[in-house]
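Subject: Structure handover

Hello,

Here is the structure I said I would pass on. Please open it before reading the rest of this email.

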Amino acid sequence: MKNKKSMMNLAISNLFLVFFGAGLVIPVLPTLKEQMHFSGTTMGMMISIFAIAQLVASPVAGALSDKIGRKKLIAIGMIIFSFSELLFGLAQAKTGFYISRALGGVAAAMLMPSVTAYVADMTTIAERPKAMGLVSAAISGGFIIGPGVGGFIAHFGIRVPFYVAAILAFLGFILTITILKEPERTIESHQEIEKVSFLDILKNPLFGSLFIIILISSFGLQAFESIYSIMASINFGFSMSEIALVITVSGILALFFQLFLFDAIVNKIGELGLIQLTFFASAIFIAVIAFTKSNLVVALSTFVVFLAFDLFRPAVTTYLSKHAGNRQGAINGLNSAFTSFGNILGPMAAGYMFDLNHLFPYYISAIILLGTGFLSLFLNRKNFSKI
């Protein structure tokens, strides 16, 4: 049991390393935009290309993790992510940045479903909410430390954080291939898994309905989150250090909730109840940001919005994993794919709207998330939670 816990923690630590690496680069994006003379549309496209690659690769990667094992997909994902960060640091033209982001999307498609499925393999249904809270805490923890460290490292050069991210991901690759062990349950059950197609999963009203919610909400979430640092810099005059501080404090709040309160919240109101709450809270406070003139109100509202985002993701993942049975990889792959599809359109729309009017991305996000919240209430009345 102790060995299983150690292996699960090692798998989760890979996500921490990746998101720590991703967090390193967040504070430098506005400066990179200015130095490269990129438009908001170009910055949005960089994020959308990541999501396109993730969309294409996620279902295949998820199914492969069920078939050939989690460890192989995690290791390949880590080395690809390492190379993508190195390429981003070296890029001097749009093409290089786009290729880097595409490789990053493929890496994410391999990592996210495989690590999530690995953790699900190692836990019981009762242990699942706490374990998924740890998965999200690793992501949040990476973003807590990453931006602060990235803001400091950027003083040595704007490209240096990307090189550091590449080194960290390579370290995760080495740890994976040398220490991580494949969970036995995956191998024992993979013959049964192969009999279930993606179409069979999507026809199930439980999964099909929730995937629609994930698709729509991802568009609204990414329309706000993807270019937040750029919008905060231009709309409210936030400096690179102030953006790093806001994101760091948001991460600390998210980490606290995920580690100490997520399990209790889920036991109290359920995963669907938490999902609905996050929709309405994020919609309201994004609208507040759009209409306020106070930087303090912007910062406080951002804390709430990012906390809602960080609770929404583990709530969805926990809900799906509880019903996935032996199809953990396939279900989490489809979750990643539908999320990515929303992520493709969200940043593109945000970048385009930002070029038209700097407040438009806030309006779009608030409206979409509010609508998705009401849609989730409708699905709840249809008693999908009991299927």
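Below is what was found, starting with the whole chain and ending with one residue.

Please keep in mind that this is a predicted model.

Overall fold. The protein chain contains 16 helices and 0 strands. Along the principal axes, the C-alpha atoms fill a box of roughly 55 × 50 × 35 Å.

Contacts and burial. Take the contacts between residues at least 6 apart in sequence: 86% of these join residues at least 24 apart. Of the 387 residues in the protein chain, 57% count as buried.

Surface and charge. The protein chain exposes about 15800 Å², and carbon and sulfur atoms supply 71% of that area. There are 25 positive and 17 negative charges in the chain.

One residue to look at. Asp 66 is found in helix H3, which covers residues 40-68. Is Asp 66 buried or exposed? Its relative accessibility is 2%. Buried means under 20%, so Asp 66 counts as buried. The side chain of Asp 66 is joined to the side chain of Arg 70 by a polar contact of 2.7 Å. To find this pair in the viewer, go to helix H3 and select Asp 66, then show the side chain of Arg 70 as well.

Regards

Terms used. Residues are numbered from 1 along each chain as its sequence is written. This is a predicted model: local features need pLDDT of at least 70, side-chain atom pairs count only at pLDDT 80 or more; totals for chains, interfaces and linings use all residues. Side-chain values use heavy atoms; hydrogens and water are left out. Helices (H or I, at least four residues) and strands (E, at least two) are DSSP runs, numbered from the N terminus. Buried means under 20% relative accessible area, exposed over 50%, partly exposed in between (1.4 Å probe, protein chains only). A polar contact is a pair of N or O atoms within 3.5 Å; within protein, one must be able to donate a hydrogen and the other to accept it, and residues adjacent in sequence count only if both atoms are side-chain atoms. Contact means heavy atoms within 4.5 Å. Accessible areas come from the Shrake-Rupley method with a 1.4 Å probe; for residues, only the protein chains shown count as cover. Lys and Arg count as positive and Asp and Glu as negative; His and the chain ends are not counted. The place of a charge is taken as NZ of Lys, CZ of Arg, CG of Asp or CD of Glu.
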